[in-house]
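Here is a walk through one protein model, from overall fold to single residues. Keep the structure open and follow along.

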Amino acid sequence: MDTKTKYLGLELKTPIIVGSCGLTADVDKMVQMENAGAGAIVVKSVFEEQIIYDIKRNTHVVAPTDNYGDSYEYIAMHVADDSLEKHFAMIREAKQRLTIPVIGSVNCFSYENWLTYAKKFEEAGCDALELNMAILPYETSLSADDVERTFSQIINTLRKSISIPISIKVGTYFTDMAKQMQQLSWMGIQGVTMFNKNVQVDIDIEKETLTNASYLSNPEDIYNTLRWIAILSKKMRCDLSASTGVYTSDDVVKMLLAGATSVQVVSCLYKNCIESLRQLNEGLQRWMEKKGYDNIAKFRGKLAVQPTDKASVAMRTQFMKYFAEIV
Ligand SMILES: Cc1cc2nc3c(=O)[nH]c(=O)nc-3n(C[C@H](O)[C@H](O)[C@H](O)COP(=O)(O)O)c2cc1C
């Protein structure tokens, strides 16, 4: 049974990959993931805020005006380099010890740093880079156009500046999801990961403070991802990686039938264990065998909305089946 697939132009033994998370910040765990059957690994993101936090902690400076004068810039740059260097040392070690592709991940808020950090990922030897683009329309002053322009500017700049494959990881807050994703896929990127899971905000009513709800997803979270993969997979000019809510090998099969090129798992590994990658792969192979498929291309995208079909009709048909019992 051949589960090989091509994702972002990289050869993967299996489409099941580990998404960026705390577990992928540790090379020993990454080796365990490869042994358990991961097709690739997306390393824990570098967050620009983390680097800035390190700068502040190490310099005890809260603003460039504090005492340090001109030397602040120098110290800040040095600490930032040191902080990033630890991350890139981890990536270099992962590249030495793993045979599967290692995909870097970065999340910035300032335009210049997307570029600075992306170049460093390429130098560290990553096989590809996933841009964790958590650019959310939180401000009342922001229009959809503003948000979309930011996406385009960052992608355009990085596309011209680095030569490793680029994928973008997006959330669900787009006013025009289908159109926007399709347009981004025309910008020379190799993949889109749908979707990042935003940290859910909760309120502690005793302490009267904002807190975070559980950071792990639930199995029913898969349906939103599945819907959009099925709608978009045949309408994009790049690969789609399915993320959020994948827990079982049946979920993997569904995402592939919907047209995903790869399927990312994170919460499943936290709730179960890294070894569950083995069951996901075995389950995929068993299903392929039962159905008589000897490779993934034979069924990938079988249930996607076709390029010339209207997604609205396909989705309304499902709606009618349920509410009007029309088959
Ligand atoms: C503990 C934890 C840490 C995470 N860290 C990152 C990160 O650094 N970068 C990123 O792009 N996504 C991060 N994520 C999001 C996951 O990559 C993934 O998109 C999300 O958890 C949904 O997938 P799942 O349902 O398989 O968990 C993190 C998730 C968890 C649970």
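Among contacts in the protein between residues at least 6 apart in sequence, 70% join residues at least 24 apart. Two residues are in contact if their C-beta atoms, placed from the backbone, lie within 7 Å. This is a predicted model, in which local features need pLDDT of at least 70, side-chain atom pairs count only at pLDDT 80 or more, and totals for chains, interfaces and linings use all residues. Residues are numbered from 1 along each chain as its sequence is written.

The protein has eleven helices and 13 strands. Both are DSSP runs, numbered from the N terminus: helices are H or I with at least four residues, strands are E with at least two. Of the 327 residues, 38% are buried. Buried takes 20 or more other C-beta atoms within 10 Å of a residue's own; 12 or fewer is exposed, and in between is partly exposed, with C-beta atoms placed from the backbone.

Start with the ligand. Around the ligand are 24 residues, of which Gly19, Ser45, Ser217, Val266 and Ser267 come nearest. A residue is near a molecule or strand if its C-beta atom, placed from the backbone, lies within 6 Å of it. Helix 9 (residues 267-271) gives the largest share of this shell, three residues. By class, the shell holds eight nonpolar, twelve polar and four charged residues. Here Ala, Val, Leu, Ile, Met, Phe, Trp, Tyr, Cys and Pro count as nonpolar, Asp, Glu, Lys and Arg as charged, and the others, Gly among them, as polar.

Now the helix packing. Two packed helices are described by the angle between their axes and the distance between the axes. The axes of helix 7 (residues 222-232) and helix 8 (residues 249-258) come within 8 Å and cross at roughly 25 degrees. That angle makes helix 7 roughly parallel to helix 8. Helix 7 contributes Ile222, Leu226, Ile229 and Ala230 to the contact, and helix 8 contributes Asp251, Lys254, Met255 and Ala258. Six of the contact residues are nonpolar, none polar and two charged. For these angles, axes are lines fitted to C-alpha atoms, for helices over the stretch in contact, and angles run from 0 to 180 degrees between N-to-C directions. Under 35 degrees counts as roughly parallel, over 145 as roughly antiparallel, 65 to 115 as roughly perpendicular, and the rest as oblique.

Which residues of helix 6 (residues 177-185) are buried? They are Met181, Leu184 and Ser185. These residues cover an arc of only 100 degrees around the axis, which puts them on the same side of helix 6. The arc is that of the directions from the helix axis to the C-beta atoms. An α-helix has 3.6 residues a turn, so residues three or four places apart point the same way. The cover over the buried residues of helix 6 includes helix 5 (144-161), strand 8 (166-170), strand 9 (191-194) and helix 7.

Ser233 sits in the loop between helix 7 and strand 12 (239-242). Ser233 is buried, with 25 other C-beta atoms within 10 Å. Beyond its neighbours within four places in sequence, Ser233 contacts Leu240, Ala258, Gly259, Ala260, Gly301 and Ala304. Pro307 is 74 residues from Ser233 in sequence, yet the two are 8.8 Å apart in space, C-alpha to C-alpha.

Next, strand 3 (residues 16-18), which holds Ile16. Ile16 counts as buried, because 28 C-beta neighbours lie inside 10 Å. Leaving aside neighbours within four places in sequence, its contacts include Gly37, Ala38, Gly39, Val252, Val263 and Val265. Ile16 and Ser241 are 225 residues apart in sequence and 9.6 Å apart in space, C-alpha to C-alpha.

Thr14 lies in the loop between strand 2 (10-12) and strand 3. Not counting residues up to four places away in sequence, Thr14 touches Thr3, Gly37, Gly39 and Asn281.

Finish with the backbone. The peptide bond from Met194 to Phe195 is cis, with omega near 5 degrees. Phe195 is in the loop between strand 9 and strand 10 (201-204). Leu8, in the loop between strand 1 (5-7) and strand 2, has phi near 60 degrees, a positive value in a residue other than glycine. Thr244, in the loop between strand 12 and helix 8, has a positive phi near 105 degrees.
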